[in-house]
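This report describes a protein chain through its salt bridges, its sheet and its surface. The sequence and the structure come first.

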Amino acid sequence: MTPDAPILLYDGGCGFCSGIVKFILNRDRAGTLQFASLASDAGARIVASYPELAGIDAAVWIEPRTGRLYTRSAAGLRVARYLGGWWRIFELAWIVPTPLRDIAYR
């Protein structure tokens with residue numbers, strides 16, 4: 001893993017989540033986003049280094065440069081920002097309160 005590239009943790013046992021990862025890979029123009037299943041050795045090591053992620057079962061976006069974590073819908077919005085182009089329109093959802101966004105995420 002590249003130390004300063006963003007990381008997306010996902011539920012590898014979820015078919016929908018794995019499909020989203022493939023979707024992102026097909027649109028990743030920069031090619032720098034790193035992925036790890038939460039159940040993988042790499043995912044477990046990452047989760048262990050962030051105590052606030054204990055027991056997480058949702059998508060997590062990690063910005064290694066800043067140490068910022070984004071979970072659930074916020075992680076999805078970070079993906080939209082990362083993909084750029086017209087995907088960035090989804091960033092308008094930041095104005096929706098997190099609990100409502102997370103209901104849509106679930």
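E91 is buried, its relative accessible area being 14%. Buried stands for under 20% relative accessible area, exposed for over 50%, and partly exposed for the range in between, with a 1.4 Å probe and protein chains only. E91 forms a salt bridge with R88, and their closest N and O atoms are 2.8 Å apart. A salt bridge is counted when a side-chain nitrogen of Lys or Arg lies within 4 Å of a carboxyl oxygen of Asp or Glu. R88 counts as partly exposed, at 41% relative accessibility. A network of salt bridges links R81, R88 and E91.

The model is predicted: local features need pLDDT of at least 70 and side-chain atom pairs count only at pLDDT 80 or more, while totals for chains, interfaces and linings use all residues. Residues are numbered from 1 along each chain as its sequence is written, and side-chain values use heavy atoms, with hydrogens and water left out.

## Other salt bridges

By the rule above, the count comes to 4 salt bridges. One of them joins the side chains of D4 and R65, at 3.7 Å from N to O. D4 lies in the segment before β1 and R65 in the loop between β3 and β4, so this pair ties together parts that are 61 residues apart in sequence. Helices (H or I, at least four residues) and strands (E, at least two) are DSSP runs, numbered from the N terminus. D4 is partly exposed at 39% relative accessibility, whereas R65 is exposed at 67%.

E63 and R78 form another salt bridge, with 2.8 Å between the closest N and O atoms. Here E63 belongs to strand β3 and R78 to helix α3, so the pair ties together parts that are 15 residues apart in sequence. Both E63 and R78 are buried.

## The mixed sheet

Four strands make up an open sheet in the order β2-β1-β3-β4, with mixed pairing. Its edge strands are β2 and β4 (68–71), each of which pairs on one side only. On average, neighbouring strands are turned by 20° against each other, direction ignored. The angles are taken between N-to-C directions and run from 0 to 180 degrees; the axes are lines fitted to C-alpha atoms, for helices over the stretch in contact. Two strands count as paired if DSSP finds at least two bridges between them.

In strand β1 (residues 7–10), I7 and L9 point one way and L8 and Y10 the other way. These residues are all buried. Strand β1 runs parallel to β2 (residues 34–37), to which 4 bridges join it. L8 stands opposite F35 in β2. Between β1 and β2 the chain passes through helix α1 (residues 15–27), and this β-α-β crossover is right-handed.

The bridge partner of L8 in β3 is W61. Strands β3 and β4 pair antiparallel over 4 bridges, and W61 stands opposite Y70 in β4.

## A nonpolar surface patch

W86, I89, F90 and L92 form a nonpolar patch on the surface, with about 490 Å² of accessible area together. Patches are built from residues with over 30% relative accessible area and no salt bridge; like charges are joined within 9 Å and nonpolar side chains (Val, Leu, Ile, Met, Phe, Trp, Tyr) within 5 Å. The areas come from the Shrake-Rupley method with a 1.4 Å probe, and for residues only the protein chains shown count as cover. W86 is placed in the loop between α3 (73–83) and α4 (98–105). With 59% relative accessibility, W86 counts as exposed.

R45 is part of helix α2 (residues 41–48). R45 is exposed, with a relative accessible area of 58%. The C-alpha atoms of R45 and F35 are separated by 13 Å, the two residues being 10 residues apart along the chain.

R72 lies in the loop between β4 and α3. Its phi is near 50°, a positive value in a residue other than glycine. Most residues other than glycine have a negative phi. R72 is partly exposed, at a relative accessible area of 23%.

Technical notes. Right-handed = clockwise from strand over helix to strand, strands pointing away.
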